[in-house]
There are 2 protein chains.
Amino acid sequence: MVGGGFGGLLAARGLGGADVDVTLVDRENYFLFQPLAYQVATGSLSSVEVAAPLRQVLRRHRRTHVVLGEVTGFDLERRVVVVEHLPNGEERRELPYDQLVVAGGSRYSYFGHDEWAQHAPELKSLEGALALRDRILSAFEAAEVERDEAARAAFLTFVVVGAGPTGVEMAGQIAELGHEVLHTEYRSADTRRARVLLVEAGPRALAGYPPRLSASAASQLRSLGVTLRLSSPVVDVGDGFVDVEPAGGERERIAARTVIWAAGVQASPLAAQLAAASGLATDAQGRVEVERDLTLPGHPEVLALGDMVTVRGQRLPGIAPVAMQQGRHAAASIRAGTRAPFTYRNKGELATIGRRRAVGVVAGVPVTGLVAWLLWLGVHIAYLVGFQNRVLVLTRWAFAYLVHGRGARVIHGR
Amino acid sequence: MVGGGFGGLLAARGLGGADVDVTLVDRENYFLFQPLAYQVATGSLSSVEVAAPLRQVLRRHRRTHVVLGEVTGFDLERRVVVVEHLPNGEERRELPYDQLVVAGGSRYSYFGHDEWAQHAPELKSLEGALALRDRILSAFEAAEVERDEAARAAFLTFVVVGAGPTGVEMAGQIAELGHEVLHTEYRSADTRRARVLLVEAGPRALAGYPPRLSASAASQLRSLGVTLRLSSPVVDVGDGFVDVEPAGGERERIAARTVIWAAGVQASPLAAQLAAASGLATDAQGRVEVERDLTLPGHPEVLALGDMVTVRGQRLPGIAPVAMQQGRHAAASIRAGTRAPFTYRNKGELATIGRRRAVGVVAGVPVTGLVAWLLWLGVHIAYLVGFQNRVLVLTRWAFAYLVHGRGARVIHGR
């Protein structure tokens, strides 16, 4: 079992009581509830509240082992996984397997411009979220002591690249932070004047949702004070600026000290390693195609799932519910000793924009505003791993939504 | 106002409604509730639960400004404070003052062996606590994959240097972690066999407490499985070992992968800067002596307080209640425009050792065991800054004490 995200964790859980020895390998010692990572970045939640130690989650499964390390290769002939950087200092170890489940997930893609990453950190990992929190809060601190008007404006300008669910949520949270929370705490800088720009290459926000909901999201974003710039591909990112080039328009430079990357999707390098090991190719997003039963072509003993794969003949969104269902399916296949085609049961999708603001489709019915927001709250609390985290996050949210308090605003990296 | 610890924060709060403009300068954007930092290191609490954003704490005081930056010097003639590394990138700025309060606190001292710091991180700062959490949890992870018996034992050996309150609390928590919490989660390593050594140069633990309580602390530590090594000064620390040389005994090498430093006290460099600016000397711990009214000799407009000073004619312990009372006293002096001698009202002191284990003196009465522990819980919840943090910490403790859960066990630095 490689990867302790939604797919890997559900697969491991599904094999819990089974008559098999399970070894779960992950680079981190925790499962990250990625849909809430953006709340860590804005100081609404603490990093450990959206993370659950993998060992703790799996502690009752006595035949499940957790190994920390980075998987760097597969030998499908000899049936071994190559793990590097073990915690005891060991450089490399081979772990043998009878059956293999790979669920490496995905990250954001800088479209070949990896040099943008230093100026525009991503929001997929916990480290990324914490780095972003430092940057966002430091920008407000910088604005407070800055005397030059233009420089101060740049510190109070936040650009979020990519208007998918994460970008929309992030932009909304920063706007709330500046406009509704921080303004009582700063004396020189007027945080209510913070500009939040959500920049999207495509023609609408939340492209995966029905157009009606994209329009609703756009107007809810506007009501929060977010400036939505559609059809505006980013062409350069540097120290203190973002360049966009709207379709048919002129290239424009936005002076902004904080740029957040939530665009593009790139499969985990594990997909390419699997492909290389089995003589397959990857697609433009680096994904490998698996059979309908999630097995690697020609290797019924290897299952791969989640954001890092495409399933033959299906078009599935790269969201947590897909990975979770695939993880459960993989576990069921291994338990049964058979291979059956995977079918995705679409229960819906929700994206929040801010307090009392959200959009989504639930059981085929589009929802917006307060109803969507309450559903979003319920679903995210219900799926959060660990009872303790549920209680803590509920407490934080109660404070955040009732008294506008945001307690996790600590800058770690000064 | 320099320093946002117990002393500085209480002084700033005390000046809240007064007819003065207050500027609080600190390197960090948060107040750290330092007495609970050790619980961050053992994964019992999240870092942000023991920290409160300074701006949030002081937000109602409209004439109080918070500036992030490092104070590097004082010019008492021109009445300016030199601040470096401002968050907007400015290298250096001078802040003028009419009256100055300096509360820089203290850190642990490596007795001139700063090279030990890399092998034995300290527990005074939040960054230190997080670095220690990574080390402690990684050591258990390493033991899990290590096949060599001796190497595994070294990964499962934890040495805490210094049996003051922090060292005692830390040793107790690590013992509980290994012996009572983690053993259900590891498969190859037996965390119940983790050795925790508390090494102290002096003849007893908690030297600031009455000898009877030191003896009680020692037996409570033993009941948790901590090995207490008294009269054993540390003479060297390196990669994977600690050397101790007991009085009259032979030098001994302890193989340990995790060493935690909680010994010695060294005043903040601000004390030496104040001394240099006013032509005074510092003592062996780097502290500067102030008058009975907390003013710097010859400078009635400058007050200094907390761990970084000694008060003429008084011998005060370096603990939070002293700094808090001095902070309040400084604020009252400034409000009144007078200078009166400071008197410490000793309400008592408590040190916890583990679940249901503690010692202390409250209102002159020595307490031990469950009673002391309940008092300790109550005092620490009551003094924790921020209502939200109180609720969150209570929740965490309820889980930790009732179901042995420790939710904040995330390794950030892999």
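Two strands are taken to pair if DSSP finds at least two bridges between them. In this predicted model, that criterion gives an open sheet of three strands in chain A, with the order β5-β6-β7 and antiparallel pairing. Its edges are formed by β5 (70-75) and β7 (92-96) of chain A, each of which pairs on one side only, and neighbouring strands of the sheet are turned by 25 degrees against each other on average, direction ignored. Strands of a sheet pair through backbone hydrogen bonds, either parallel or antiparallel. Between β5(A) and β6 (residues 80-84) of chain A, which run antiparallel, there are five bridges; looking into this pairing, one finds that A:Glu70 has A:Glu84 in β6(A) as its bridge partner.

Turning to the relation between the chains, chain A is superposed on chain B by a rotation of 180 degrees with 0.0 Å of shift along its axis, at an RMSD of 0.0 Å. The two copies are therefore related as by a two-fold rotation axis, and in chain A the C-alpha nearest that axis belongs to A:Leu392, at 3.1 Å from it. Both copies use the same surface, since 96% of the contact residues of chain A recur in chain B.

The contact itself draws 47 residues from chain A and 45 residues from chain B. On the side of chain A that touches chain B, at least two residues each come from β3 (51-53), α3 (54-57), β4 (64-68), α4 (126-145), α5 (149-155) and α11 (387-403) of chain A. Sorted by class, this side of chain A has 19 nonpolar, 15 polar and 13 charged residues.

Conventions: Residues are numbered from 1 along each chain as its sequence is written. Chains are lettered from A and ligands numbered from 1 in the order in which they are written. This is a predicted model: local features need pLDDT of at least 70, side-chain atom pairs count only at pLDDT 80 or more; totals for chains, interfaces and linings use all residues. Copies are superposed by least squares on the C-alpha atoms of residues with pLDDT of at least 70 in both. Two residues are in contact if their C-beta atoms, placed from the backbone, lie within 7 Å. Helices (H or I, at least four residues) and strands (E, at least two) are DSSP runs, numbered from the N terminus. Axes are lines fitted to C-alpha atoms, for helices over the stretch in contact, and angles run from 0 to 180 degrees between N-to-C directions. Ala, Val, Leu, Ile, Met, Phe, Trp, Tyr, Cys and Pro count as nonpolar, Asp, Glu, Lys and Arg as charged, and the others, Gly among them, as polar.
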